[in-house]
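Open the structure in your viewer and keep the selection tool at hand. This tour moves from one selection to the next.

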Amino acid sequence: MLSIKNINQEFIETLFLKADTVYKDGIRPGGHYNKILVNAFFEPSTRTQLSFECAMKSLGGKVINFNTNTSSIKKGESLGDTIKTISQYGDIMVLRHPTKGTVQDSQQYSDIPIINAGDGDGEHPTQALLDLYTIYKSYKNNMKNVVNILFVGDCYHSRTIHSLLHLLYLYPHICIYFLPYEGYAPSVEVIDEISQRQTNSPIIFNKQDSIPFRIFDVIYVTRLQKERTQLNEYNSPDITIDEKFMENIRENCIIMHPLPRNEEISTEIDKDPRAVYFKQIEYGVKIRMALLDILLNKFEKKLIIL
Ligand code: NCD
């Protein structure tokens with residue numbers, strides 16, 4: 001689970017089926033009571049870290065949280081030695097790092113499988129899986145019901161957009177649109193890849209355009225990734241999803257956001273049934289439970305009886 005690019009349709013079908021049935025009669029299943037997950041977050045996180053902890057504990061397993069601020073990294077220990085060390089304490093590692101590619105590179109030091117929980121502006125595979133699951137559940141378990149998806153916000157840096165796009169390439173009929181903050185349009189490489197993979201080329205709007213909001217089935221919003229911009233000054237978000245905005249979209253169009261949000265979505269729409277960003281969190285636990293179950297079964301370590 002280092003890259004979303006390794007995931008195929010068959011895996012998604014197995015994962016979603018498992019996520020649908022992960023609670024048996026509303027009860028957390030247990031089953032991996034002898035397994036330990038190590039969370040190693042070198043960048044802040046609320047949802048991803050807690051979601052993995054909740055998922056692992058729901059499966060009956062245990063969790064160790066590595067604290068970068070009180071670790072030997074402060075004494076100059078290398079990342080390789082740190083990863084090698086952490087991997088001795090658990091059966092599976094969840095790793096987040098601010099530099100693109102570092103999570104993938106770290107697998108060479110680790111004796112246990114690593115799940116990528118976000119590498120800079122690169123990827124965030126498990127967020128993409130829970131995002132796709134949210135779309136799938138919202139559209140009667142059938143991606144054929146989804147045609148037009150609009151991405152709003154920092155489309156240049158958002159790793160959650162980059163990763164979700166890779167899953168959407170499995171559904172070439174889906175048309176992709178962007179409404180980026182000024183100066184934060186997707187890169188040329190991303191646009192080229194969408195043009196190659198999807199039946200229709202992507203369309204990039206700017207806020208002055210007359211945008212056909214009623215065609216969209218999904219509007220996926222992201223915050224401005226201030227920590228990743230090289231500029232000392234950045235534009236504040238120039239698009240806000242509020243009650244007035246909601247009047248212009250379809251009755252069944254869902255508003256998604258990986259969270260955390262800043263000013264781009266007003267809290268006044270939180271109770272609108274089309275706002276599904278808190279539902280994404282709930283689905284995130286189910287998807288991570290299903291994923292951990294698959295990975296822990298696959299990479300069963302030899303049990304050492306002392
Ligand atoms: C996102 C992330 O960390 O990439 N949040 C998340 O994991 N749910 C989005 C963000 O930080 O903007």
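The stops below cover the nonpolar cores, a helix pair and some cysteines in this predicted model.

**Stop 1: the largest core.** Select I135, F151 and L292. They belong to the largest nonpolar core, which has 59 residues, and they touch the most other members. Now colour helix α9, residues 277-298. This helix gives the most to the core: 10 residues. In general, nonpolar side chains in soluble globular proteins tend to be buried together.

**Stop 2: around F151.** Which residues does F151 touch, leaving aside those up to four places away in sequence? Show I161, L164, L165, L168, I176, Y177, F178, L179 and Y220 to see them.

**Stop 3: another core.** Select Y184, L224, L259 and Y277. They are included in a second, separate core of 26 residues.

**Stop 4: two packed helices.** Select helix α1, residues 9-20, and helix α5, residues 125-138. Their axes lie 11 Å apart, at an angle of about 70 degrees. Angles of 65 to 115 degrees count as roughly perpendicular, so that is the word for α1 and α5. Next, show the side chains at the contact. From α1 come I12, L15, F16, A19 and D20; from α5 come L129, L132, Y133, Y136 and K137. By class, this contact has 8 nonpolar, 2 charged and no polar residues.

**Stop 5: cysteines.** How many disulfides does the structure hold? The count is 0. Select C175, which is in no disulfide; the nearest cysteine sulfur, in C253, is 14 Å away. Is C175 buried or exposed? C175 counts as buried, at 11% relative accessibility. Finish at C54, which is partly exposed, with a relative accessible area of 29%.

Technical notes. Residues numbered from 1 in each chain as written. Predicted model: local features only at pLDDT ≥ 70, side-chain atom pairs only at ≥ 80, totals over all residues. Heavy atoms only, no water. Disulfide = S-S within 2.5 Å. Buried < 20%, exposed > 50% of the residue type's maximum accessible area, 1.4 Å probe, protein only. Core = buried A, V, L, I, M, F, W, Y, C linked by side-chain atoms within 4.5 Å. Helix = DSSP H or I, 4+ residues; strand = E, 2+ residues; numbered from the N terminus. Contact = heavy atoms within 4.5 Å. Axes fitted to C-alpha atoms, helices over the stretch in contact; angles between N-to-C directions. Parallel < 35°, antiparallel > 145°, perpendicular 65-115°, else oblique. Nonpolar A, V, L, I, M, F, W, Y, C, P; charged D, E, K, R; others polar.
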